[in-house]
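Please open the model in a viewer and keep the selection tool at hand.

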Amino acid sequence: MNRILLIVLLAAAGLSSCTKTVDVKAQISAQLIKDDQLITTYLKNNNITASVIDSAGVSTGIYYKIDTAGTGTGLFTSSTQVTVGWIARQIKQDGTLSGVIQQTDTFHPTFILGETLRGWQFGFEDTKNSFGPGGIITLYVPSHYAYGPFPQSSLGLPANAVLVFHITLYSITN
């Protein structure tokens with residue numbers, strides 16, 4: 001009897017470990033391809049010329065357009081403090097831009113760049129030679145570099161939301 005019970009328990013343990021494994025890297029890559037198509041189609045349909053950011057020679061899918069260069073240039077690192085104002089929108093799946101999902105008005109918060117969305121970090125770091133205080137930049141951020149597969153109900157955003165940030169840089173502190 002103990003031998004049968006042992007065989008049943010071992011079989012149950014073996015079957016429970018036969019779950020389907022999720023290839024997270026493949027899911028992220030597939031979503032980045034969808035997001036890039038959504039962003040590039042939006043840019044093309046709206047006649048917007050934007051630069052793509054690469055990291056170590058690999059495209060991130062993050063695009064930016066410097067609307068106003070500002071004064072001087074900023075050296076942006078993960079410990080840089082930035083005081084900013086912004087308007088955030090979503091590029092919806094039909095290729096249109098949502099209404100404003102978040103914005104600052106008269107309040108301009110200060111953040112440590114390394115604690116912001118990864119899309120902001122890449123965006124600021126890539127523009128260090130052509131963007132400074134008083135400048136305005138628009139970032140087109142794939143979902144992976146924003147909130148990823150996690151819906152943000154407080155902002156009305158679904159999972160894998162592609163975001164557009166129109167950011168005014170007020171000051172930099174290193």
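**A salt bridge and a helix**

Begin by selecting lysine 65, which counts as partly exposed because its relative accessibility is 30%; buried means under 20% relative accessible area, exposed over 50%, and partly exposed in between (1.4 Å probe, protein chains only). The model is predicted, so local features need pLDDT of at least 70 and side-chain atom pairs count only at pLDDT 80 or more, while totals for chains, interfaces and linings use all residues. Residues are numbered from 1 along each chain as its sequence is written, and side-chain values use heavy atoms, with hydrogens and water left out.

Lysine 65 forms a salt bridge with aspartate 67, their closest N and O atoms lying 3.2 Å apart. The term requires a side-chain nitrogen of Lys or Arg within 4 Å of a carboxyl oxygen of Asp or Glu, and by this rule the count is one salt bridge. Aspartate 67 is also partly exposed, at 32% relative accessibility.

Next, select helix H2, residues 24–45; helices (H or I, at least four residues) and strands (E, at least two) are DSSP runs numbered from the N terminus. Display the side chains of Gln31, Asp35, Leu38, Ile39, Tyr42 and Leu43, the buried residues of H2. Viewed down the helix axis, these buried residues fall within an arc of 130 degrees, so they line one face of H2; the arc is that of the directions from the helix axis to the C-beta atoms. On the other side of H2, exposed residues include Lys25, Ile33 and Lys44.

Key
The expected span of a helix is 1.5 Å times one less than its number of residues.
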